Structures are given as C-alpha cells and as structure tokens.
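Thanks for coming. I have one structure to go through today, and I will take it piece by piece.

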Amino acid sequence: MKPSPFDYIRAASAEEALDGLAAHGEDARILAGGLSLVPMLNFRLVEPAMVIDISGIGALDYIRLDNGAVEIGAATRQSALERWDGIADRLPLVHAAFPHIGHYQTRSRGTVCGSVAHSDPSSELPLCLAVLGGEAVLRSAAGERRVAASDFQTGMLTTAKRDDEMVAAVRFPVAEPGSGYAFAEMAQRRGDFAIVALAASASGERVRLGVGGVADHPTVRQWDGLAGGALDDALNAFAWELGGYDDVHATARYRRELVRRLGRKVIEEARSCRS
Amino acid sequence: MSQTQEKYVGQSIDRVEDAALLTGSAMFSDHLPTRSGTLHAAILRSPHAHAEIAAIDVSRARAMPGVAAVLTGEDVKDISDPFLIVLRQPILQWALAVGKVRYVGEPVVVALATDRYRAEDALSAVEIAYRTLEPAVDPEAATEEGAPLVHEAVGSNIVSVRDFAYGDPDAAFAEADRVVKLKISYPRNSHTPLEGFVASVAYDAATESYDVQSNFQGPYSTHTVISKALRVSSSRLRMRTPAFSGGGFGVKVQVFPYIVLMGAASKIVGRPVKWVEDRLEHLSGAAAAPNRVISIEAAVKNDGTITGFRFDQLDDYGAFLRAPMPGPLYRMHGILTGAYDVKNLAVTNRLVLTNKCPSGMIRGFGGPQMYYAIERLVQRIAVELELDHYEVIRKNLVPAGVFPYRAAAGALLDSGDYPAALEKAEKEGKLAELRKRRDEARAEGRLYGIGFAAIVEPAQSNMGYLSNILPLEERRKNPKGGAVSNATVNIDPLGTVNVTADSIPQGQGHMTVLSQIVADNLGLKPGDIHVNLEHDTAKDAWSIATGNYSSRFTSSTAVAADRAAKKARAKLARIASQTLNVPADRLEFGNGKIYAADNPDNAVNLYRVAGSAHWTPGNLPDDMEPGIREIGSWSPPELEPPNDKDQINSSLTYGFVFDFCGVEIDRDTGAVKIDKYVTMHDSGTLLNPRLAEGQVHGAFAWAVGCALHEEFAYGEDGSFLNGTFADYLVPTAWEVPEPQIVHMETPSLVTPLGAKGVGEGNCMSTPVCIANAVCDALGIENVTLPLSPNKVSALIHGEERPPPDGAEAPSAAREVAGNVIAGAGEAFVKSPPGEVWAALLDPEKLASVIPGCHALERVDENDYRAEVSIGAGPVKGRFKANVRLSDLDPPNAATLTGALTGMLGLSEGSGRVTLAPKDGGTALSYDYRIEVSGTVAAVGGRMLEGAARALVRQFFERFATVLGGGEVAVADEAAPSWWTRLLAALGIGR
C-alpha cells in the first residue's frame, strides 16, 4: 500500500499551482486535505506523475461573504467552515449536515473544495451545494469560470472540471429569510459514507429535496405545494427515477426505501423550520 | 510499626503498561530494530479464487532499481516443506502458491527490495498467466457431488467427518414430547487488530538457523509447524516477540506462514528480510473465523425441559487447514451442551474446504458459532411451547451444588451457581423494568424486543482437544492432553525482583497482574516488581501451550508465576531463618521485610536476604543453589486426553455468562438500536477487576460488531469484497453502548488462584443475545448475522411500492450485487450495420476508439490483445486485455468474451451485441455481465457501479465519431467498474 513514484510541488501561490496544472494536465492531481487522494495513491488506484499540494497557499484559505453567497477557498479545511461564526445563520443546511461529514479528525484535515472536487455521490457537501443551487469556481492559467452545482458533478467521481483547472472556490448561496432547511442521513456507523443522504429546503409552499448516495451524483427535485399522498407519490416516483444500486452494504431497493421514508421526514422537518 | 501487608491481587490497581503506551515509548513489532542490510518484502496476491498458474514472468521485475530478488512458489518449494496439519490428508500448502491459487489474497510472488515502495513497484512488473477454474464458495454447495475441488488430491471438499454420541440421544428424541429444530448459518468475521502482521527474519548461514522477530502470539505448538516447514530443529528457529502488541485477538498466530515465507526468502537472498502487512492484505489474506452451518435439534418436554441435543455442524475452513485448525470445532467439544444439564447428545462434525481465505484462531474460537445455534434454539423452544424464554433457560441450567459437574461430552465444569447468577442479573439488571419498557414500546406500535443468552465460557485449552478429530485407535498411539505454562522470578544482587513469563501479551495487562501476584507473595508493592514479557525461545522457558489464546492467562501463566514466586519466597525464608534464628515456616513477608510472625520487630530487609544469595553464596544452606532464579511450571491434572468414550475436558476452567438486552428497531431505516444491555459474569476470583471489565468491554464491542456490522463478503466467483475499513465495518465508540456489567465470584476449584478466563465470553453470548432480541421484536423465526439495516429493512418493509404508472422499474439485471456488474443498453450510430460490423472487426478502428489504448494486436482471428490505460474520474490503471469475438452472425450479432488484468485486479466478462438497421444507421443494443476481483473488487466496491457508465458512453461517442458522427443515445442501465471501459470498449460492453 505504497504509491507509485510521483513528483511533488508544494505550491506557494495559486498561480504556481495552475502553472503546474497547465504543464502536466491529466497527469497531475491537486492535493489539498488528501483524504480522498492519499488512500487512492496508496492503493495505486491513481498514479499521477505530479502531485500539486495547495494546502499551504494562504490566499486560498478563506471564507467570505460575497454577493449573496458564502465563498470558500480551496485550501479551507472543513473544520474552519464548521466553526465559522456565520454558519448557523447563513448556511443552516450545511450546519445541519456537518455532524454527518466524516469525523472530527477527518474534518480538521479535509477541505470543503476537495470534497466537492472529488464528487463522491454519497458526500454531504456536494449534496448541500446542489440543493442550495451553489457554484464551483474553476480556475486555470487561462482564466476563471463558474459552473452551477447541477452542471458540475456529471457522474460517479466525475465532474465538468477540465484537466488544467482546479476547484479554486465553492459558493454556497446564503439562506433565504423565512426558509427552512433539514438534513438527514442513513449510514451504518457514524461518519461512514452515507447509504442515502437527504437535504431539503422549504420556502413558502416550495420544497427542494436533494438525494445523495442513490444515483451516481446528488440529484435535486423541486415541488410546489405537495403534501400527504401526493408527496408520497412524488417521492416514490423520485426514488424510482434515481434507481439506486447494489453494493456490499445495501441494495438499490433499500436505498429507494430510504428516499421514500426519510424523504418525507426531512421535508417535514424543513417545513417546520420555516420562520 | 505495623507489618500488615496489603494484598494487591483482587485490587483494580493501575496498569503498569500504560505509562509506555500513553507516552508513545512502547515498542511495537514494526518499531523493533532490524539488522543493517535488511530487505523489505512486498507480496503479490492472487486476484482469483481458484485458478491454475500457467506462467509467471518475473524478469522485468527483477531488473528494477533496488530490487534484490523476486521469488515464486517454486523457489520456496525448493527449500521448505508444506505446513504440518492435524489430518492425514494431502492438503499441501507452502508459503507461496504452488501450481494453483485457491483464494483471493493467496500469496503468489514476493519481491524483496531496499524499501517497500520499490518492492511494490516491482510487483507491478510481474506478469502471471492464470487459467481460471470454477471456485467452491458456498460451504454447502461445496459438499455436493460434482462441486469444484479445492484440493483434487483429497478427492472431496469434505476433509473430515466425525460422529459422536453421548448418553442415549436416540431414546431422548424418541421419547420427547416435541422436537424443536433450527438451521443457522454463522458468517465469516474477524476481530481485526489495529496492528497487522510483522515478520522480520534473518537466516544465519553459519549456524544454519533462523532468527525471527514477529508479533506471533502462539500457541507455540505452531513453532513446530514453522521449524518443520523451514527444515530446522526448534533450537535453530529463534522466535522473539515484543512486549507490546497492537492487538492480537487470536489472529496473530496466522502470521506463521509469513514467518516461513520471510525465512525462506532470507535464506535465498542471504540477507535479513522484513515484511509488514497492510490493511488490505490483512482483511483479504490473514484469517477469518470459520463460517459455520449448523442444523440443531432439541428433544423437549412440554414443560420446556430439554432432554437431548442433536448437532450437525459444517465448518468452513477456507482453502487450507492451517494450525491450529480445526480448533474452532473441537475446542468447544466438551461443552457442546452449553450451560444446560442435558445428558443426551449426538454430534456430526464435518470440515469443508472452500476457495476462501483460510480460517484461523479468532477470539471466541468456535464459541460464537456454537452458542448461536444453542441459544437461538432455546429461544425457539420458548416460542414454540409458549413459555417465557428466561424461564426455559432457568429450567435447564446445570443446577447449583453439583460442581464439579461432568458435562455430556466431557467438560468438567469446575465451579459455579448458575441459577444464582441469573437471579443476581435479573435483580441488578432490572429485568422486570425492561419487560415493562418493552410492553410500553409495543403499545405505542414500536418494534422492541428482549433477548437472552446463557453460556459457559471455557478457558485454557487442553492441548489434547484436537485429538478427538482422530479415531480412537489412532489417538491411542499418541495420547495428548495437558497445557504447560512457565514463569520465572529472578531476584538480582540489589534485591530487585524481575519476572519473565510465557504469556505473550496482546494488550490485556499481564504485566500488571503478574506484578500483583508476585508482590503479594514477597510482601512487596507491585511497583517493586519489574515484569518483562518480551519472549525469546532461545532464552526463555516455553512449551507447546505458550502463547496468548483461549483466555489462558489467569489459570496458566499467572499460576506459574505464583508458583515461581512461592519458590522464591521459600528460598528467601530459609536464608532469613538463619539470620533471624526463626524457623522458615514461622516467617512472614511484608512491606519489603521478612519478619518473625510472632515478633515483627525481629525483621530483615528482603533485599539484604536476596543480596546474600549473590554476595555471600558460601553462607547459604548447604543444599541451596546460589542466586535466586526460580522457575514455576504448571500443568493442571484435569486436562486429560480424550477418553475411550470420546469425552474430553477441552478446557480447564468454565466461567458462566448470562446476558439480556432490549433492542429497538427503527421502522423507517431498519436500524437496530441496543437500548439496554446487561451482562453477568462469574469468572471465578477476579485478580484485577478493572482489567477483567476491560476484557468484557472489548469482547462486547467486537460482539456488537459481529451482531450488527461485520462480515467478510465474497462474491459468487469467490472474489473478496471488503478490503478496507470503509467496507468491513468495525464498530466505533459511537456504535457500542455501555453494557451494565454484573459480577459474581465463585472461585475455580482447579486453579490455585481461583481465577477463570474472562476474555471471550461476550464474543459467544452477545451476538446471539442481540439476534434473539431482534427475533423477539419482529416475531420472526430466525435471522442471520450481521443484522445490517439493509437486512432488517427487508424483513420489515414487505413488498416494495411499485413505480408510478408509466415508469419502468430498472431491469432485474441491474439488481446484481457485490462484484458482479451486469447491464444492458443501446446506442445509435449513423453508419449502416455493415460498416459498424466491419469496424468492430477492424483492430485499427477499434484501437482508435478505445480511450487510452497503447497497443492493440491481433493474436488470432477475432482474438485481440491490447494494453490500455483506463480510468473513470480520478481512478486510473494500466491493464492488459484479451478479447475474443465468437458466435458471429454478421452483420447482426456477436458475442464478446474478455479478460482484463492489471495491478488493480482483474475482470472477466462476456456480452452480446446486436446491430439492427434504423433510419439509415444502426441501432446497437448490448447486454453484458462482468465479474470483478482483486484489489478493485475489495476496495472499490463503492466506485464500481456508475464509473463504467461514463466509460461505455465514451466508447460509443468515439465509435459514432469515427463512423461519421451520430446521435449517441446510450441508455445504459448499469455499468460499473472502470475497466468496464476497456471491456466496453473492446466489445463486451456491447
């Protein structure tokens, strides 16, 4: 369980990191917290020629309010966001999701952007980003673009990011006044990858439900004024659309069952939180 | 001044070990110094459950920088012998696979290099051609006529069958009011230590001997297996074990094949060799407790009295029978009637081999499996007779006042009062309140159940128990029984007390307990006693029973240390008697002094007395040897060989455990929550209650894992599916509730300290107690562990709600679990079928559409070989692929079969693609089924599904582009694994 040989740059600036990406393209990987990358390196599931470490770039370690969104830089640890003063008021959904994100120890190492860039279909942060309608800020030596969360994650561990780009920041829209948010997750142990993760927002009669862990990327549905049997019908249809998959822990059927049962609960909880 | 000596045995003194552990100065196996020039080993393991090794090419690997040697089974076979086993069966196993591989994870090649990184680099350059064989995976299927044979030379996968009868079981069943039956299947699991195996071996050509440093935990009967395999006498195999362990739990006896492997490697390369096991290696290749299928029956009276048991046990040992297997079946043999007074017993034991990792010694050692059958059955008896489960247990217990009690199969239950223990647990654990809590929960419509389990916990194995696998005539020739333990108390010239012993500690706190025992004997404080439990077979006393297993410490090594300390005390008393002019038997020891019992002021310091044995040996009594170095050895007489009636006292002491618990099941998620857990232990005298409770906590924690989370999963093709701790789920502090521990102390009559084992009881009682509670909550007849939420959901959620009208359910093909990926899909290409067909058969065209294809050559007509770098998302690997087209129906359909091999593992699959003209182009439809094994199946389970969907799509996008563009309408339903990309690309994904 040792990685293949690779070269390593500890980038001092975002520019240096992006130059590295421009030079090495698909043979390079960005290392921030390393929680996903390092195990994959050690299993030799990934064998990059170059690893570009951005964890020491101070300019990328920030949380700031910008134009109705909370923008988080690529070197920002999850624990920094978890402890950020504004999290309960500005990002109540992310606040509710945090206890489910790995463990205290992993959050102090893992980065917010790294989780989004890795795009595990069960991950909580990409799910929150999708439900809130956030964006990924992609930067390359040639420039910068913003991609909506719904367009960013294209499948299992795959995203719209080009090989010469890195996720320089993510932007979570701040909570709308009067809206309610809730998060629920089923995992076999605390901190495990979710079998199913659900995030909901409710505003007036409108609800948005995002589901992770069932399809190959977080999937969001929005309904207006649904309740009772109609909500159950919508959740059932959603569950079947997502399909799900079998693995060593759970069947597709179990995953759909959780979408139906926990989906209703999380929506009701989000509605009850509306102010 | 008061001379009254405080007694330390029985007190919860602080652990002597903790200062080193908590300050980081404790040395584990990997920390031990190695000799200069040591090479580091990495092992290439089989990705197949069953395959012939057609060819191995290590030439490229040998030429890599820093690589000293790359060895195969043939190299090892030349200088070592197959491992000894208890059966006379041609089950030959060397340290590396020879001829064929029999389980995923079996060592095939070892690379030796200047560091582990280079050694692993070398492995990626090894090329092995396998011819795969049908595997035998399921134990029952493996017993059937025509099943693939794991060992052809044996002629069957059943390698041993033994029938036993005690009392008159036939009469008991004939006369029974009712016979209650149950069939259970106990899963594979293991008590995974934090620290994996370490084997560091130096072969010394000058003395033709091996010097081993390893975290081997014994039993040292296995030392013989190692020395025989390496073709040396015991004295030429020096085994050194460290004082600290990152956890043993039994599994660390199974480091022995690697000691042999590193020994052979060291001899071949002429340099010391070190290997450290990693997590994937441990989970896939170390050892698992055998999975077992038991059909059990009880003859019962209408009042719930059990008059007889019938067992049919099929124990699955995986691909080889490794020492000390089949211990799990025979270690429990004497106590097959559990805690119950049942005189009539019939048993059939069958051992089956399958294409899975060999089984090993795992905490509980046969008890979890056996008690799962008995205690589930007792719950069924209660349900079927409409009696209270607790009352049925109580009615059948071995009664008070009959100890020592000879159980039907030969166990000599040494002491106890089981009914009193039940009563104490009932009262202190507040069973009545729990029953009320259940009733209230049920009244609210919640799923709540109560479970019970009563077990006898055996400890200190009789070294003769395995003899019972042999027929009487054979075992008469060489009767085996007993269990020898050793300890030494040495007092140096300054009067400092040093203790060494053969317990090979794995974290239990043996240093602490030995210091308590010796301090009490010598009138000192535990802090005055220096205990060193590093063990060295070249210097320390040892015997076949040496080691850390079967909860042996308190009734074995602790007793030996007590005897050694008593000998030292006697010697000191004789010397002091000269000084104090008081007969030795009138002397007391206390507070560092030796003094006259009737005149404490007539005293001398112990260190002076001890010192005189070194400084002035001439003054010692004439018949006394100088110095003070006393060896205590002990083998309890009760551990006799099996008698002519096949009765065996398989262990020395028998503790009693009675558990009950309340569980609630979440109706939405199926999650099982342990609401309350009470565990009652009578482990005889407690030498250190806090350490005893630590053992209970540890066993309980693992048992919760066994009940709810842990299982080694294998695919139908024998691929191993949980190679990381993300997939093999060990409970953490969050998942383990705090049990209420209740103690009762009935001293053992067969060990001088009165103490029994306490390390394994909950491994045996807790899984079945929780299962009983879940059965009670759901009102169901039986369940199989682990009780994952997924499994429980299937029990409570009934038929799934169908998709809405008009929507289609995913095809059944995608509901395939684990390592098998199946799917179907379709695509549209603008070119007509004739052109598409031609492209499919054109290597150049194929090469151009396969992402990452470096080379594609035609081996034969419709037979291709390619080298590709493929990946999905961040995951990438370089693979070799072989693809064959068959059943050609140009230009309408073809079948593609292929295999893909690489460092990450391999996949094999086949599929059929059909082409149909549509709107001037071609509608391609395809279905496929792919089996994945090796590293990726073991660690990438979460990534398999979905990853390939992108790859399939990519392939058809390129295909369409190359063939003149076209709408790609890939309606793929499920693809998986990134090598599907290759398979897909080369046609299997058609």
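I'll begin with one pair of residues in chain B: B:Glu52 stands opposite B:Lys100 in β4(B). Before going further, note that this is a predicted model.

The strands around that pair are next. Strand β2 of chain B, residues 51-57, is joined to β4(B) by two bridges, and the strands run antiparallel. These strands belong to an open sheet of three strands in chain B, in the order β4-β2-β6, with antiparallel pairing. The edges of the sheet are β4 (100-101) and β6 (127-132) of chain B; each has a single partner strand, so one side of each has no neighbour in the sheet.

While we are on chain B, here are its overall figures. The chain has 26 helices and 36 strands. Of its 990 residues, 60% are buried. Among the contacts in chain B with a separation of 6 or more, 78% are between residues 24 or more positions apart.

How do α7(B) and α8(B) lie relative to each other? Helix α7 covers residues 221-229 of chain B and helix α8 covers residues 256-269 of chain B; they pack at an angle of about 25°, and their axes are 10 Å apart. An angle under 35 degrees counts as roughly parallel, and α7(B) and α8(B) are therefore roughly parallel to each other. The crossing of α7(B) past α8(B) is right-handed. On the α7(B) side, the residues that meet the other helix are B:Thr222, B:Val225, B:Ile226 and B:Ala229; on the α8(B) side they are B:Phe256, B:Ile259 and B:Val260. By type, the residues of this contact of α7(B) with α8(B) are six nonpolar, one polar and no charged.

Helix α10 of chain A, residues 228-242, and helix α11 of chain A, residues 252-272, cross at roughly 140°, and their axes come within 9 Å. α10(A) and α11(A) are therefore oblique to each other. The crossing of α10(A) past α11(A) is right-handed. From α10(A), the contact uses residues including A:Leu231, A:Asp232, A:Leu235 and A:Trp240; from α11(A), it uses residues including A:Arg256, A:Arg260, A:Arg264 and A:Ile267. What is the make-up of the contact of α10(A) with α11(A)? Its residues divide into eight nonpolar, two polar and four charged. For the pair in chain B, to repeat, the contact of α7(B) with α8(B) had no charged residues.

One partner of β6(A) is strand β7 of chain A, residues 143-148; six bridges join them and they run antiparallel.

Last, some backbone details, back in chain B. Which peptide bonds are cis? One joins B:Ala323 and B:Pro324, with omega about 0°. B:Pro324 sits in the loop between β14 (306-316) and α10 (327-330) of chain B. Another runs from B:Phe403 to B:Pro404, with omega near -5°. B:Pro404 is in the loop between α12 (389-396) and β16 (405-406) of chain B.

B:Glu386 has phi near 55° and lies in the loop between α11 (367-384) and α12 of chain B. Is B:Glu386 buried or exposed? A residue counts as exposed with 12 or fewer other C-beta atoms within 10 Å; B:Glu386 has 7 C-beta neighbours inside 10 Å, so B:Glu386 is exposed. B:Asn581 has a positive phi of about 60°, and its place is the loop between α17 (557-580) and β23 (587-590) of chain B. With 9 other C-beta atoms within 10 Å, B:Asn581 is exposed as well.

That is what I have; I'll take questions.

Note on methods
Residues are numbered from 1 along each chain as its sequence is written. Chains are lettered from A and ligands numbered from 1 in the order in which they are written. This is a predicted model: local features need pLDDT of at least 70, side-chain atom pairs count only at pLDDT 80 or more; totals for chains, interfaces and linings use all residues. Axes are lines fitted to C-alpha atoms, for helices over the stretch in contact, and angles run from 0 to 180 degrees between N-to-C directions. Helices (H or I, at least four residues) and strands (E, at least two) are DSSP runs, numbered from the N terminus. Angles under 35 degrees count as roughly parallel, over 145 as roughly antiparallel, 65 to 115 as roughly perpendicular and the rest as oblique. A crossing is left-handed if the near helix is turned anticlockwise from the far one by less than a right angle, and right-handed if clockwise. Two residues are in contact if their C-beta atoms, placed from the backbone, lie within 7 Å. Ala, Val, Leu, Ile, Met, Phe, Trp, Tyr, Cys and Pro count as nonpolar, Asp, Glu, Lys and Arg as charged, and the others, Gly among them, as polar. Two strands pair if DSSP finds at least two bridges between them. A residue is buried if 20 or more other C-beta atoms lie within 10 Å of its own, exposed if 12 or fewer, and partly exposed in between; C-beta atoms are placed from the backbone.
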